[in-house]
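Trainee: Please take a close look at one part of this model, the ligand and its surroundings.

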Amino acid sequence: VELVLPEGTVVRLLTDRGTFSPDHIDEGTKALLAHGQPSPRGGTLVDLGAGYGPIAIALAMRAPAAEVWAVEVNQRARELCERNARTLGLGERLTVIDPDGWPDLTTIDELWSNPPIRIGKAALHDLLTRWLDRLTPATGRAYLVVQKHLGADSLARWLTDQGWPTTRLARRGAYRILQVEARP
Ligand SMILES: C[S@@+](CC[C@H](N)C(=O)[O-])C[C@H]1O[C@@H](n2cnc3c(N)ncnc32)[C@H](O)[C@@H]1O
């Protein structure tokens, strides 16, 4: 598939059946990438639920000083993400891991995600709790894209209630972009 970034960069990514959105870049992913840029300061950036890698790869291209981690549970998607990063010369700065592979002493400056809403509310809450508590205290931020009809507003309320200050940064068609701050 072709990943076209709003700044004009075009890259081709290898996909396969059995991975998320293999025929085209997902509209939610496009909305997230159109909305914002990672900080130019670099740091540790995570794409949670990376699939074959469109968000992680865009982060690595847009933030040359950053170390990017792509976290993905599906092995085939991990292989494709790794291969796509290598083909684009980003393999040195983009590490692909399964969800248990996180080096626990590292904190996350920015977490970007088109999260797996369809795993169900309880599993999604567990997943977000696990990863949002790895944000760098005070300064860490997460950027999530969620469809309104898949519960963007109730997810934002739940996050705020759990202690992560959450704001709706933007609406893009059916999608909402949420910004989540580290909880004290
Ligand atoms: C909505 S898709 C987004 C994929 C990719 N970021 C994109 O934009 O095309 C969510 C991804 O999360 C992955 N996923 C599901 N459960 C997960 C978990 N517990 N940890 C990490 N990734 C998970 C799915 O396999 C899927 O690839």
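**The ligand and its pocket**

Mentor: Begin with Ala50, where a backbone N or O atom lies 3.3 Å from a nitrogen atom of the ligand; a polar contact is a pair of N or O atoms within 3.5 Å. This is a predicted model, in which local features need pLDDT of at least 70, side-chain atom pairs count only at pLDDT 80 or more, and totals for chains, interfaces and linings use all residues. Residues are numbered from 1 along each chain as its sequence is written, and side-chain values use heavy atoms, with hydrogens and water left out.

Val73 has a polar backbone atom 3.5 Å from a ligand nitrogen, while Glu72 places a polar side-chain atom 2.6 Å from a ligand oxygen. Of the ligand's own 590 Å² of accessible area (Shrake-Rupley method, 1.4 Å probe), the protein covers 87%. Around the ligand are 14 residues (a heavy atom within 4 Å), with Thr29, Gly49, Ala50, Glu72 and Asn114 the closest.

The ligand takes up the largest pocket, given that more than half of its atoms lie within 2 Å of the grid points. A pocket is an open set of points on a 1 Å grid where a 1.4 Å probe fits, with protein on both sides within 12 Å along at least five of seven lines, and lining residues have an atom within 4 Å of a point. The lining has 34 residues, and Phe20, Gly49, Asn114, Pro115 and Pro116 lie nearest the pocket centre. Strand β7 (141-147) is among the elements that supply at least two lining residues, and gives the most, three.

Note on methods: Polar contact = N/O pair within 3.5 Å; in protein donor to acceptor, adjacent residues only side chain to side chain. Helix = DSSP H or I, 4+ residues; strand = E, 2+ residues; numbered from the N terminus.
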